[in-house]
Amino acid sequence: MRNHKILGTVAVAAGLGLTLAGCAGGAGTSTEETAAADPESIVLGLVPSQDVDQLVTDGDTLAALLGDELGVPVEVNITDNYAGLVVAMQTDQAQIGMFGPIGLVQAQDEAGAVPVLQSVRFGDSVYVTQWFTNEPDRFCMTDIVTETDDDGVDYLFCNGTEEGNVGPLGEDALAEIAQDELIAFVDEGSASGYYYPATQLQSVGLDPFDLSGAFFAGGHPNAVRAVYDGDATVGVSFNDARSSIAEETPDVGTEVVVFAHSTLIPNDGVSVSGSLSEEWQQKITDAFLAIADTEEGAAALDAVYEIDGLVPADLDAIDQARAVYENFG
C-alpha cells in the first residue's frame, strides 16, 4: 500500500469557537519593541487534533526541548482552532504557531506571521484530499483495486487512487455528484476536508456555496464514519483516514471506496511571529530543525502531530493554498 498508511490526525480541522488559554508571551507589547528586543520567554501555539490532555503533555515535551535549544522558557498555548491561534499570534500571546496549510495562510495574512517550516510525513511535504463513497458502482470508472496494509486490513480504490500522494485523480467521477448530494465534509476550516474538495466541485460545474445535502462531520474520521454508516453517499478526508476507524470497523476499507484525489496540498507547518527579530525567527527555525535531528526530538514531533521531519516552507505551495482559500473568502 503506497502512501496510504495513516497520516494520523494532523490535518487538524478548525471552525469551532474561540478559547484562548491564558499565556505569558514575553516578546513585549508592540511590534516595534518586540522586533528589536530579545524575548524573555516564548509561547508555542497548538491546536488539538485529538485528545487535548494528551496534546498538552506532548506539547510540554516539545516546548521543553525548544526551550533548551533557545535558552529561554517555552510555554504551550492550546487554542480550540486555527482561528484562535491566529488571534493569539495577532495579539502576541503566541510567538510560534503550528498550523494546517490554510492556517499558515491566515496567520501570514492576518497576523503578519512568517511561515518557516513544513512537516514531512512518509517522505512527502504534500498530501491530497481523498474522495470516498459507499456507492462504487456509481463513482468508479475503472476496476476496483485492493491494497492490504501491514495489519492485514484491505482497502479499496478506483480511478487510479491507489497511487497514493498523486493528484488530481478521478475528477471525471466528481461530475457524478449532484447539487443535493449527501456529502460529508470535515470542517469549514479544513484544507483537505473542505477548501480543496469544494474547489474541485466548483470546477465540475457545481455551486459549492449551495450544496443542499452537504454537512460538516466534525473531523476526518467522522467524515469516513458518515459514509460508512450511510449518512452520506460521498465524503472527503486526508489520505487515508479510513484507517483511523479500522480498529472499530474492520470492514471500513472495503465498504468505503476511494475514487478521487484533489490537487496536491502543502502539509501543515510552523509559523513564527513577525514581531520577533529576524535573528530570533531564524533561531526558532534552527531549533526545530535541530530537535528533529535527535531521537528525543523526533519522538516529540511525532507525538504532537505525527511529524516525521521538517523542511523549509514551500512559499509557492502556500501561495497556491492562498488562492484556494481566497476563493471561499
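**Strands, a disulfide and a helix crossing**

Reader: In which sense do strand 1 and strand 3 pair, and over how many bridges?

Author: Strand 1 and strand 3 (residues 96-99) pair in the parallel sense over 2 bridges, where pairing requires that DSSP finds at least two bridges between two strands. Strands (E, at least two residues) and helices (H or I, at least four) are DSSP runs, numbered from the N terminus. This is a predicted model, in which local features need pLDDT of at least 70 and side-chain atom pairs count only at pLDDT 80 or more, whereas totals for chains, interfaces and linings use all residues. Residues are numbered from 1 along each chain as its sequence is written, and side-chain values use heavy atoms, with hydrogens and water left out.

Reader: How many residues of strand 1 are buried, and which way do they point?

Author: In a regular strand the side chains alternate between the two faces of the sheet. Here Ile42, Leu44 and Leu46 point one way, Val43 and Gly45 the other way, and all are buried, which means under 20% relative accessible area, with exposed being over 50% and partly exposed in between (1.4 Å probe, protein chains only). Because 5 of the 5 residues of strand 1 (residues 42-46) are buried, the strand is largely enclosed by the rest of the structure.

Reader: Which cysteines form a disulfide, and what parts does the pair tie together?

Author: A disulfide is a covalent bond between the sulfur atoms of two cysteines, and it is assigned here when those atoms lie within 2.5 Å. The count comes to 1 disulfide: Cys140 and Cys158, with sulfur atoms 2.1 Å apart, form a left-handed link with -75° about the S-S bond. Cys140 lies in the loop between helix 5 (136-139) and strand 7 (145-148) and Cys158 in the loop between strand 8 (154-157) and helix 6 (171-174), so the pair ties together parts that are 18 residues apart in sequence. Cys140 is buried at a relative accessible area of 15%, and Cys158 is buried at 1%.

Reader: At what angle do the axes of helix 2 and helix 11 cross?

Author: Axes are lines fitted to C-alpha atoms, for helices over the stretch in contact, and angles run from 0 to 180 degrees between N-to-C directions. The axes of helix 2 (residues 52-70) and helix 11 (residues 295-305) come within 9 Å and cross at roughly 145°.
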